[in-house]
Amino acid sequence: MANDEQPEPDEHEYLERPRDGNGKYLRSMDNVRRDAAAAEYWAEHRCTYQEIADRFGYYDRGQAWRGIQSAKRDVALPAVTKLRQAESEELDSLYLMALEIIERNHVVVSHGRVVCGDDGKPLLDDGPRLQAIQTALRIRDQYQNLNGLKLPAKVEHSGGVKFEIVGVDPQDLV
């Protein structure tokens, strides 16, 4: 098929959509290619989704629309990945700065002067170190959010529920 020829409807005869173990649809490479071709055709011709469905073998116009939306997400993925990498590097840099502050010794200063103990040595101030620890933890939290490392909260429930209908004889319900 030449580059400017359009696929015939039977070329993309209704592609089977594979499913995972939970019954959710998985995108095969054939589906990805079909979605990309459909999006390209739609961008060039601005036809209806029903025409896209007929031409590319989608089940209906809704599936054609979803295919084009998937193709749009696929195009944006490299840019999003690059942005996520840049943000991760910035968070890494900030985290290293926080670690440097944590490792440093901080002295107590009052009215512009270093406070010394009875032994003449400057008293250490843990306040800046504790603030740097909190900052480092917030940076790690942001990093985990950015890269999807946090597991969703899991709520467990045990026990049962007992319903009681007041004013009705249970024998009347049978």
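Modeller: A disulfide is a pair of cysteine sulfur atoms within 2.5 Å. By that rule, a search of the whole structure finds zero disulfides. The model is a predicted one: local features need pLDDT of at least 70, side-chain atom pairs count only at pLDDT 80 or more, and totals for chains, interfaces and linings use all residues. Residues are numbered from 1 along each chain as its sequence is written, and side-chain values use heavy atoms, with hydrogens and water left out.

Biologist: Why is Cys47 called buried?

Modeller: Buried means under 20% relative accessible area, exposed means over 50%, and partly exposed lies in between (1.4 Å probe, protein chains only). Cys47 has 13% relative accessibility, so Cys47 counts as buried. Cys116, at 42%, is therefore partly exposed.

Biologist: What makes the pairing of Asp30 and Arg33 a salt bridge?

Modeller: A salt bridge is a side-chain nitrogen of Lys or Arg within 4 Å of a carboxyl oxygen of Asp or Glu. For Asp30 and Arg33 the N to O distance is 3.6 Å, and the pair is a salt bridge. Both residues lie in helix α1, three residues apart, about one turn of the helix. Helices (H or I, at least four residues) and strands (E, at least two) are DSSP runs, numbered from the N terminus.

Biologist: Why is Arg33 called exposed, and what is Asp30 called?

Modeller: Arg33 has a relative accessible area of 51%, so Arg33 is exposed. Asp30 has 47%, and therefore counts as partly exposed.

Biologist: How many salt bridges are there by this rule?

Modeller: The count comes to two. Lys150 forms a salt bridge with Asp141, with the closest N and O atoms 2.1 Å apart. Lys150 is partly exposed because its relative accessibility is 40%, and Asp141 is partly exposed because its value is 28%.

Biologist: How do you know that Ser88 and Asn147 are joined by a polar contact?

Modeller: A polar contact is a pair of N or O atoms within 3.5 Å; within protein, one must be able to donate a hydrogen and the other to accept it, and residues adjacent in sequence count only if both atoms are side-chain atoms. The side chains of Ser88 and Asn147 are joined by such a contact of 3.3 Å. Ser88 belongs to helix α3, residues 61–103, and its 5% relative accessible area is why Ser88 is buried. Contact means heavy atoms within 4.5 Å; apart from neighbours within four places in sequence, Ser88 is in contact with Tyr143, Leu146 and Asn147.

Biologist: Where is Thr48, and what does its side chain reach?

Modeller: Thr48 is in the loop between α1 (29–45) and α2 (49–56). Its side chain reaches the backbone nitrogen of Glu51 at 3.1 Å. Thr48 counts as partly exposed because its relative accessibility is 42%.

Biologist: Why is Arg129 called partly exposed?

Modeller: The value for Arg129 is 26% relative accessibility, so Arg129 counts as partly exposed. Arg129 is placed in helix α4, residues 127–146. Leaving aside neighbours within four places in sequence, the contacts of Arg129 are Ile102, Glu103, Arg104, Asn105 and His106.
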